[in-house]
Amino acid sequence: MNKHLFTILEYPKIKELLKREVYTSPGERFLKKLTPTSDFLLIQEWQRETTEMKNILEIEGSPPFIALDDIEGDIKHSEIHGSILTAKTLLIISRVLECFYLIKDFFNKISDEKYPLIKSKIDKLKVFRLLEKEIKKCIDEEAEILDEASTVLKKIRQQIRSTEKNIRDKLEHMVRDPQNRTFIQDDIITMRQGRFVLPIKQQEKSKFPGIVHDKSESGVTVFVEPLPIVKLNNELRELYQEEKKEEYKVLQKLTALVGQNSVDILNSYQELGNLDFINAKAKLSLQMKAIEPKVNNRGIIYLKKARHPLLKTSVVPINIELGKEFDVLVVTGPNTGGKTVTLKTVGLLHLMTQSGLHIPAGIDSEIAVFSKIFADIGDEQSIEQNLSTFSAHMKQIIEVLDLADESSLVLLDELGAGTDPSEGSALSMAILDSLRSKGGKVLSTTHHDSIKAYAYLTDRVMNARVEFDEDTLQPTYEITIGLPGKSCAFSVAEKLGMSDRVIKDAQKYLEKEKLDLENLIKKMEKDRNLMTVNLEYSEREKREIVELKKELETKIGTFESEKKKIVLDAYREAEEIISSTEKRAKEIINSIKNKRPDKEKFTEEQNSLKRLSKEIEKNINKHKPSQKKEEQFNEGDFVLIKSLNREGVIIEKNKKKNQCLIQINHLKLTIPFDDIKRTNKTQIKKVNSDKIDYISSYSLQRNRLEKKSKFSHKINIRQMTVRDAQIRLEKYLDDAFLLNVSPVYIIHGKGKGILRENVAQLLSQLSYVKSYRYGDSREGGEGVTIVYF
């Protein structure tokens, strides 16, 4: 990876976006040194750091970073014995030390378990609270040394203020003295060369005893130090010198304290810069609505809804796969369709991931870690080196072929362009073969038809195309993998009004292979659409079967539980009956034994046995299952099918099998009597059962599947009358609902909106319609209504 690659893929612009979010000088140094790495473990660590900081920003708030000047050189200077830092520099250092404390305090309030990587860096950050307070005690916010910096300094400054007051008092007395009024130019006291003076008229200076220190630009005024205050001014100057010496000592003492802690301060300063840099990456992730991608070292790329991070307008996300089912992806399609942007997006997102940055893509997107990334994108022609576009491309590709290996990602734009099409395409296929043999992953764009066929016929090479809307004559910027891009020249010319004759003549000039390829592409597109529809149908059927299986398993479980309970209760009751019967039988037997057979009759015992027999028979009848009378249902009755929760009408009864044939709209179902109950609707006229075909459950399910496979998701009612459209549409919607086909597309056109309004009115009246909407720009806009059941 070199500077040329970074420039082509616009990596420096990403670093510029990061720079806007960095506060500190060491943070900027981390950013300046940032380059993608191929160290897999380090990439994972960088990504987790960014994610942790992003979560902190979203949950805990922003860390209190402060914009700071660079102090690294000053800290190192403080290590020199006897060196002195200025008051301003020491003030800046105190602010850096305060930032250490604020950042440490902020992160100490956060859980260690949630953010282990960030907390490990915080542990390395030391605070220097005493040093910070000592500097602030001696130096104010204006970088002035305070009186409290030392007792000697405080005493000197008190003497200075006292001497200055004494001098001013004497000078004010001179100014107010009437004898001096003729000599003094203005009633002010000023300073020249560090000494107090009075402004005296030029012509009167000889009459006023004193030392001349300066004169005005006009020469009218001279500034004279009166002789009576010369001694006081001398004393004041000596005090000023003593003050500077003491200030020097204060600065020297503070510098020595900084020097004693220089190593720890510099280490913490670097950690602060690292945290600042990670914070910048997290803030950029939030701005881009980016995610932490999965990373692998298996060469598998899976980008879902990926967006180029530098495009500001509404971006159409792309889906790209590479490395799992195929190693070479050939993207074709019209110019300005987004092919080059796709290459740059894939390349730039890999550079960002390998730099620890999140990428603007969908969840579950996956990035492969490559040790080498090559890009031949754009026009590399050079006037100075006398290189054509083709020569410039070849020079780049030769270098790629020499250096690429199994851990390389190669991005090639307009492969084979700039020379004879047949030779260019042949050379392109050989280049792709060579890169494929080296084990690298290749993403290439081209316009050559032979390369489309090559991708279709070659193992682990796949076609893809950028989509083009032939109705609007505009690219949609979407990527479809599995199909090559087809030529749109004829369709565009036809849409723009070119005559059919010219287009047919043009088609005659096309080579047969070209026409065959176009027809092959159309057939592949049709087959792919059919496969997509069938796959959706199969998935929907699979979901229904899974749901039905779950429901049946639940019902079976409930049934088994109830069955066990019923059997257990029956056993218990049977035991009670048997026990009671045995007891009474024993009593009767004992009574018979006690009587003499020749003299006493057994009338009472016989009656007891009859009563016992009747009680047993009564208990048996009580536990016999009750039989529902089929006569309570008649042909023509409206009934509710309990298991389906749907209403229908009985059209035929089968008394032998205890079941009946029920019509539900256009379907006929065979349902047992115990699964139906009468509704309050009035009985309809008896249906002639001789004219109705009996449909078994098996044949009904088979017919339903056959109907569903042939059922169209679209109905076109354009150019119909409102009445005809309503009749046809009602039947279509009923069939769609009963076949569980959802959604369906009603094509009514735009026109004056009459059909559209009637369709909406009908849909609002149907209870089984869940929702409906107009199509988007790709689905037909307001000319199509999409219905969900």
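K289 is exposed, with a relative accessible area of 68%, where exposed means over 50%, buried under 20% and partly exposed in between (1.4 Å probe, protein chains only). The residue is found in the loop between α11 (262–288) and β5 (294–296), these helices (H or I, at least four residues) and strands (E, at least two) being DSSP runs numbered from the N terminus.

The model is predicted, and local features need pLDDT of at least 70, while side-chain atom pairs count only at pLDDT 80 or more and totals for chains, interfaces and linings use all residues. Residues are numbered from 1 along each chain as its sequence is written, and side-chain values use heavy atoms, with hydrogens and water left out.

K305 has a positive phi of about 55° although it is not a glycine, and this residue lies in strand β6 (residues 301–306). The table sets out accessibility for some of the residues discussed here.

| Residue | Relative accessible area | Class |
|---|---|---|
| K289 | 68% | exposed |
| K305 | 49% | partly exposed |
| L552 | 44% | partly exposed |
| Y240 | 23% | partly exposed |

Y240 belongs to helix α10 (residues 230–260). Leaving aside residues up to four places away in sequence, Y240 touches I160, E164, M191 and G194, a contact being heavy atoms within 4.5 Å. The C-alpha atoms of Y240 and Q159 are separated by 9.9 Å, although the two residues are 81 residues apart along the chain.

L552, in helix α18 (residues 512–594), forms a nonpolar surface patch together with L548 and I556, and their accessible area together is about 280 Å². Such patches are made of residues with over 30% relative accessible area and no salt bridge, with nonpolar side chains (Val, Leu, Ile, Met, Phe, Trp, Tyr) joined within 5 Å and like charges within 9 Å; a salt bridge is a side-chain nitrogen of Lys or Arg within 4 Å of a carboxyl oxygen of Asp or Glu. The areas come from the Shrake-Rupley method with a 1.4 Å probe.

The count comes to one cavity of 30 Å³ or more, a cavity being a set of points on a 1 Å grid where a 1.4 Å probe fits but cannot get out. The largest cavity holds about 30 Å³ of space, and its lining, made of residues with an atom within 4 Å of a point, consists of F390, H393, M394, I397, E414, L415, G416 and A417.

The peptide bond from S742 to P743 is cis, with omega near 5°, and P743 sits in the loop between α21 (722–738) and β21 (744–747).

How values were computed:
1 Å grid on protein atoms, 1.4 Å probe; cavity = no way out; pocket = protein on both sides within 12 Å on 5 of 7 lines; lining within 4 Å. Points joined across faces, edges and corners; volume = space filled by probe spheres on them.
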